[in-house]
Amino acid sequence: MSSNEVKRRAVPKFTSFAPATPAPEVDSEKRPSTDRGSSRNLEKKEDRERRHRHRNHDRDRHRDSDRERERERDRDRHHDRHHSRHHDRDRHHRRRSASPASQSRETRPPRHEPSNTSQSNDVFYFDKKEDPLIFRYGGNERSKIPSYRRFGAGKVIGSPGYLSVYFEGSKEVFTIRGTGEGRGNGSVFRDKTLMTWARAKGANAKHIKPGEGDGNGGSTAEDGDFISLEPPRKRQRADKSPRLDGGDKTPDYRSIYGKAKSEDEESDGDDTSSDLEDENKVRSHLLDMSAAKKRSLELHRQIKNRPGDTKAWLELIGLQDTLFREQQLEDQSIIGNQAKALAELKLSLYEEALPHATDISLKETLLNGMMREGEKVWDPKQLAKRWEETTKTDPDSFLLWVSRLNFELSQVATFTYDELKSVMVTKLQSLSQVLASASSDDNAVATLCSQLIYVFVRLTCYLRDSGYVELAVAAWQATLELNFCRPSNASDFQSVMEDFSDFWESEVPRIGEDNAKGWRHFVEDMGAMADPPEAMTRKLSGMPQTRDPFKAWASLERRETADARMPARTLDEGTDDDPFRIIMFSDIKDLVLWFPPQVLSQAQPQLIDALLTFCRLPTAGLSSNSRAKYSALKDPFIAPRGQAFESALNQLGRHDASISVEIERKPPLFRQQGGNMALSHELLFSGQDWFQYLGQWSDLSKEADGEVEPSWVLETLRYLVINCGIEQLAEYYLAMAWLNEPSGAKKVAKGLLKRYSSNTRLYNAYAMIEFANGNVDMAEKVLLSATSQNSADSQLLWNTWVWMHLKAGKKQLALLRLLSSVDSTIDVKASSPVSSALLLKARSRFSTKRDYSLSSHQLEPALQYAESFALLEYLSTAENSSSTKSPSQGNIASALANIQSFATELSSLGHQTLHERLLQTAARLLYHHATHGPYKPSTLRNHLHEFIRLFPHNTLFLSLLAWAEQSTLRIDDPVRTILRESLSSTKEEDTSSQGDITAVVPIPTHRFAIEYELLSGAGLRPVGTATIHSTKAAFEAAVSDPSACKYNVDIWIGYIRFLTQVYLQALALSSSGSSAKTGTRESGRKKTDAQAASALKALKDVFYRAVAACPWSKRLYMEVFSVTATGEPGEPGGGGGGGALVKELSSGELRAVVGTMVAKGLRVHVDFEGFERNWKVKEEEEERVRDEKEKAERAGKEEREKRARLERERRWDLEDSVHRDRHMGPERGDGRRGNYERYGDRDRDRGRDRRREGERGFDRR
């Protein structure tokens, strides 16, 4: 290479860009293989020349001559290598498929070398800014990484040989070798374990001679980016030249195209085996694929052949989450830019599928999914514009209307209470008109009823959360009166509303109030109607004892909210100041529901479940639609409150860190109101030793929260059961009455049994209540009386009786009691041995009854006989079971096998609710077996894992698994793994269902994930000391996804209270001035101060995010003004350590919070501006009185000091006179008396001065 070729070419200077110095252009075919090394040597010499310019001219001349000689040697080497390249060109083309790296090096364009003047080192440089694309693509940009190769077969320097690095595609991945895997010596043939395993598999070791380009420099990380997957169709056969080393060509056994052959075999079988090789390649590639990838390929082919298959499009879109997660690291969440990238991918698929959609319902689902993903990608303005365009194209779509409503509710910038209320009222009226004119099509009418009830629930919950609780309660009172207590002649809607207006304006007791008799009684017997209730008087309470006006206003606002939970009458006290307390008929005329008589029977059960949803209670399961029972659990706007979640929040900060932690098994958290479980009688009346479907009002409802008054709910349920004849609700009402007033449950049960004397479930419920209250004898009397009636569903009573004996530890008595349901002649008290014939008879009877009931679609009796059969197997085969080690235990394996066989049959028939209830019975039997003696933990875990696989969102199974795993010292956490899978799993029917208008993952699953972190599910830490980062991650996973809990107020409030507790703990450490992890007090203080500041910033950010997501919730705004950590009566914040935000936010920020509530139209009872003015006047008056009092006290003090000083001077004068009289007498001469008087007066004056100084010093002290 000549010196002219080394010179860099000049770049033309244009005004549009700065001049750059490109790399020298050298022909890739003529460039020698060592030109990079020569150029590097040349640059080193030139750099050395610049560093030593101070040397003399003679040395420069000698160096120039040496450089010329070096260039001549380079040209000679270039000529030799160029000649050798032409000589071996054919051989090189024949072997290019085996070494694609060399081909890529030859065809690679010249590398751009940066200028030497810009930076002294072109390989290493500092980058102080992070690359956001690293997290998205999982690694650095390979074009920016210099070429390198690893030495030592991927071993890590300094490691004992168990750490290694390998390439997975173009990524470097660290791995840990197992014991005996490689031995860290880099050779597989020296590993005896691997070689023994290989010989057992029939593999033979073959030594491979390295081929061309397989040396140390033949493969680099950069050259490994490309591997050809296509076999060459035509191969060069003419060139038989020897290798560079003179040896013959050996078969390459590392070929990715199967077993390598010799050259002669390749030439003979090339044409006949190419298709077979391709087929083997595809088959091998498919075997390495995951199930999701295989399904994705099938869906792609299906969509390509039939683009109009919308269900295939929806399934493919649903698979993207699984495919994206397979590329992630284990335990890595999809957040931030990754979530946005996934949303963009799914959005493109939605847009591609929409033009091919022909079915209207499926097209609505596509549009709804596209807008849901667009919410993660588009900005608010663009999203609002797209919503306008989407709703105009399909204005009658209910699914799109609900999604648009959710979007408008979450826009804090444009949200107003009146506007959104008008939107829902308009939709309610339009659906009512459509229902009134609907045809007799049952499916269309049922759909209209469900939609109408859903809009009504959303409207009343919206009114309740915005602070208008009395208006929402009045709307429900009117709706229940119109649809449950209507007169017999009520048919026309217009005339009915006129008559109902008279009933409402009369202000007689309405449904849910004391002495209410209903609208029907008002119309039929006008003269016998009760008088309006007496006027309500307000409870007088003093002002809060605080100097902070915001705390005082918040306390007064909560008291007013608690008093305004029911509609007021005209004569009630306090209505003059607050006219919204009185609800006129004109206020609710457009809010009520009216169902025509032909659809009233199917609408009433849905209305009752909707009423319970409005009251923040779990549904009673009265609706025949199985999906409707769980819709409230998936909707963040109407989901019931979680009792376990509230309990976990209330325990924040209530632990003593100084107490040593003992690893002990704690019982599961049985209070699961708001959980995701299949409703059954054992969940309603279980007591304290099993899971509870309902909870006490005192644990959930607080007056200051503005929730519905509990007494109104209980009275309404009683009225519906007793007066309206809703027998299906009787068991639910009895459970509510027992939980909230256990002593009065007996009276309620007797009243219900008098009304429904043949209801077996009520007898069973009454017996379970007496047993839970400790009255075992009374419970057995009730069961004995009920079983003697021989009703069709009496097997339920026998099962309850058997469980009572099992809980008492009487296993033999339980077996005899179960067998007495088959043979009534058995003497249970005699405890006689059981014969095999009787056991065989009982098995046959239970099996026959179970199968017959299932075939005749009598699902409830079939489930009861299945439970009896399982109990019989558990109790009767204990003697033959080797797993039984306690007298109180039975054969759990036989019982679970019996349940599993019937559960499989139920699942195949599609009875999912019945299947879930049967598995809950199995879980109950498992828990009883594990708590009454030794057991195999693997048996418990395996069955619970199977139950969760079938029902991944059942909180009962999840709670039992957390209980089972808490005593195991494991590095991994299987509960977190299962929760992660449950939260990320989506079902196909939920993705493509028209009726799925809410989140796919139920909200109780997110709540349980947070509870598990808050309560330290592993049991290795005290309650309330959960890991901060893991708990924050659980909260973030819930509130980050719009389809999950982003719009759930309870989750946001829990997040705020948790961060408040974190801040208070950091603040306590900061105030103490010491830290356990720092060496000095000063460094510890700085660290804790930084932690407290960071915690406060996170708390503020989460609060503003919550307001932006849920601007309609008054309870969320009032969370800022939580006062105490223990919770004053009627005030929230029991577990959140309240007071942090109201103390740390400035007065301007607090005024902005109150101003936002007023500007958005939320209900505010106490005007803050007027209250603040009055507060300032009051403060000024109190300050003036305080100043006057202090002034008077100072004047009195000065007067007292003056009198005391005069008294002391008078006493001193008296002492002086006494002293003078004592020392002066008549016998003394005049001369001596004069001297004494002269010197005595001087000494007396000095002594008096000293006494006065002493008195003043004492006064000063």
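Predicted model: local features only at pLDDT ≥ 70, side-chain atom pairs only at ≥ 80, totals over all residues.
**Overall make-up**

The protein has 1261 residues, and 43% of them are buried. Its secondary structure comprises 50 helices and two strands.

**Nonpolar cores**

In soluble globular proteins, nonpolar side chains tend to be buried together.

| Core | Size | Residues, among them |
|---|---|---|
| Largest nonpolar core | 240 residues | Trp476, Phe595, Tyr732 and Phe1121 |
| Another core, apart from it | 26 residues | Leu299, Leu314, Leu367 and Met370 |

In the largest core, the four residues Trp476, Phe595, Tyr732 and Phe1121 have the most contacts inside it. Helix 16 gives the most to this core, with 13 residues. Leaving aside neighbours within four places in sequence, Tyr732 touches Leu612, Leu617, Pro618, Thr619, Ala620, Tyr693, Leu694 and Leu717.

**Helix 16 and helix 22**

Helix 16 spans residues 442–465, and helix 22 spans residues 600–614. Their axes come within 10 Å and cross at roughly 20°. That angle is under 35 degrees, so the two helices count as roughly parallel. The crossing is right-handed.

Helix 16 brings Val445, Ala446, Cys449, Ser450, Ile453, Val457, Thr460, Cys461 and Arg464 to the contact. Helix 22 answers with Gln602, Ala603, Gln606, Leu607, Ala610, Thr613 and Phe614. Of these contact residues, ten are nonpolar, five are polar and one is charged.

Note on methods
Residues numbered from 1 in each chain as written. Heavy atoms only, no water. Axes fitted to C-alpha atoms, helices over the stretch in contact; angles between N-to-C directions. Helix = DSSP H or I, 4+ residues; strand = E, 2+ residues; numbered from the N terminus. Parallel < 35°, antiparallel > 145°, perpendicular 65-115°, else oblique. Left-handed = near helix turned anticlockwise from the far one by under 90°. Contact = heavy atoms within 4.5 Å. Nonpolar A, V, L, I, M, F, W, Y, C, P; charged D, E, K, R; others polar. Core = buried A, V, L, I, M, F, W, Y, C linked by side-chain atoms within 4.5 Å. Buried < 20%, exposed > 50% of the residue type's maximum accessible area, 1.4 Å probe, protein only.
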